[in-house]
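Please keep the sequence and the structure in view while reading.

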Amino acid sequence: RIRLLIILFLSPGYLCLDPFTSGVGLGASIFASAIWNSRETISCMFKECCKEPYVRTNEGVLKKDLEENVFGQHIVKDTVVSSLRSHLKRKDPKKALVFSFHGTTGTGKNFVSEFIAANMFQNGMKSKYVHQFISTVHFPLLSETDKYKADLNAWVQGNISLCERSLFIFDEIDKLAPGIIDTIKPYLDYHQVINGVDYRKSVFVLISNTGGEDITNVTLQHWKHGKSREELSLTDLEVPLSKAAFNDLG
């Protein structure tokens with residue numbers, strides 16, 4: 001970390017300055033002012049900042065990454081790429097972007113989340129603007145629910161105030177105590193500013209095993225009717241997923 005310390009010495013004989021010293025003094029003041037105004041730019045040369053190239057405003061090669069690394073998930077590829085592209089291109093999106101990934105273990109939910117992070121930030125999952133929460137690790141005790149709510153509220157507000165393009169990943173939502181995830185609902189709605197912070201440019205990824213069995217059953221019935229996997233649409237899954245989420249205590 002580099003700190004710039006500029007000290008200006010002012011001569012007590014300010015009434016007797018000759019043109020040369022006056023010019024030097026004025027030049028030093030202008031130079032110091034320029035350095036001070038550029039301090040953020042200089043700082044960002046040595047550490048991650050909430051701006052290009054660290055924070056990307058386009059989906060980059062996300063489509064290519066998903067096509068080459070994620071298989072049998074055409075709905076995910078189409079939905080994630082188009083939604084993220086639209087969100088990042090908007091200077092003032094109407095609300096935060098929320099992805100809700102459902103499915104059984106090993107279907108690639110976390111894998112896709114990592115690609116989203118890699119395309120949004122130069123440092124990917126290691127970016128200080130990517131925040132990952134795992135229910136069984138960060139919110140393990142039912143007795144601490146009220147504390148978790150307060151902490152989560154502070155974490156979201158504090159991090160988005162530092163960078164509006166923050167990415168939040170909540171894993172194992174189905175194992176989360178009831179009410180905790182409700183804490184972030186106000187930040188996901190059509191509110192331009194809450195307590196002086198604009199949450200509309202942020203992205204939230206909710207990962208859950210809820211509905212995994214239902215997705216498998218729908219896919220199986222689809223296959224039994226002689227239809228290809230690629231013919232499945234998000235609409236085919238919305239109703240069973242909604243029922244599963246409604247019946248799930250998490």
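## Basis and overall make-up

Helices (H or I, at least four residues) and strands (E, at least two) are taken here as DSSP runs, numbered from the N terminus. By that definition the protein has ten helices and four strands, and from the N terminus on the elements run α-α-α-α-β-α-β-α-α-β-α-β-α-α. The model is predicted, and local features need pLDDT of at least 70, side-chain atom pairs count only at pLDDT 80 or more, while totals for chains, interfaces and linings use all residues. Residues are numbered from 1 along each chain as its sequence is written, and side-chain values use heavy atoms, with hydrogens and water left out.

Burial is judged by relative accessible area, where buried means under 20%, exposed over 50% and partly exposed in between (1.4 Å probe, protein chains only). On this scale, buried residues make up 35% of the 250 residues in the protein. The exposed surface comes to about 15,500 Å², of which carbon and sulfur atoms supply 57%; these areas come from the Shrake-Rupley method with a 1.4 Å probe, and for residues only the protein chains shown count as cover. If contact means heavy atoms within 4.5 Å, then residues 24 or more positions apart account for 73% of the contacts with a separation of 6 or more.

## Strand pairing around β3

Two strands are said to pair if DSSP finds at least two bridges between them. Strand β3 (residues 167-171) pairs with strand β2 (residues 130-134) in the parallel sense over five bridges, and D171 in β3 is the bridge partner of I134. Strand β4 (residues 203-208) also runs parallel to β3, to which four bridges join it, with F170 standing opposite L206 in β4.

Strand β3 is mostly covered, since five of its five residues are buried. L167, I169 and D171 point one way from the strand, whereas F168 and F170 point the other way, and all are buried.

The expected span of a helix is 1.5 Å times one less than its number of residues. Helix α5 (residues 109-120) has twelve residues and reaches 17 Å from its first C-alpha to its last, close to the 16 Å expected.

The buried residues of α4 are H74, I75, K77, V80, V81, L84, H87 and L88. In α5 the buried residues are K109, V112, S113, F115, I116, A117, N119 and M120, and they pack against α3 (62-69), α4, β1 (97-102), β2, β3 and β4.

## Nonpolar cores

A nonpolar core is a set of buried Ala, Val, Leu, Ile, Met, Phe, Trp, Tyr and Cys residues joined through side-chain atoms within 4.5 Å. The largest such core has 25 residues, and those with the most contacts inside it are L84, F99, I116 and L167. At least two residues of this core come from each of α3, α4, β1, α5, β3 and β4, and the largest share, five residues, comes from α5.

Leaving aside its neighbours within four places in sequence, F99 is in contact with T79, V80, S83, L84, I116, V203, F204, V205 and L206. A second, separate core of 22 residues includes A96, F139, L152 and I181.

## Salt bridges

A salt bridge is counted when a side-chain nitrogen of Lys or Arg lies within 4 Å of a carboxyl oxygen of Asp or Glu, and by this rule there are seven. One of them joins D151 and K147 at 2.7 Å, N to O; being four residues apart in helix α7 (residues 145-162), these two residues are separated by about one helical turn. D151 is partly exposed at 22% relative accessible area, as is K147 at 47%.

The side chains of K201 and E164 meet in another salt bridge, at 3.6 Å, N to O. K201 lies in the loop between α8 (185-188) and β4 and E164 in the loop between α7 and β3, so the pair ties together parts that are 37 residues apart in sequence. K201 counts as buried at 18% relative accessibility, whereas E164 is partly exposed at 32%.

D182 forms a salt bridge with K185, the closest N and O atoms being 3.2 Å apart; D182 counts as partly exposed at 38% and K185 as exposed at 53%. Salt bridges that share partners also join D92, D198 and R200 into one network.
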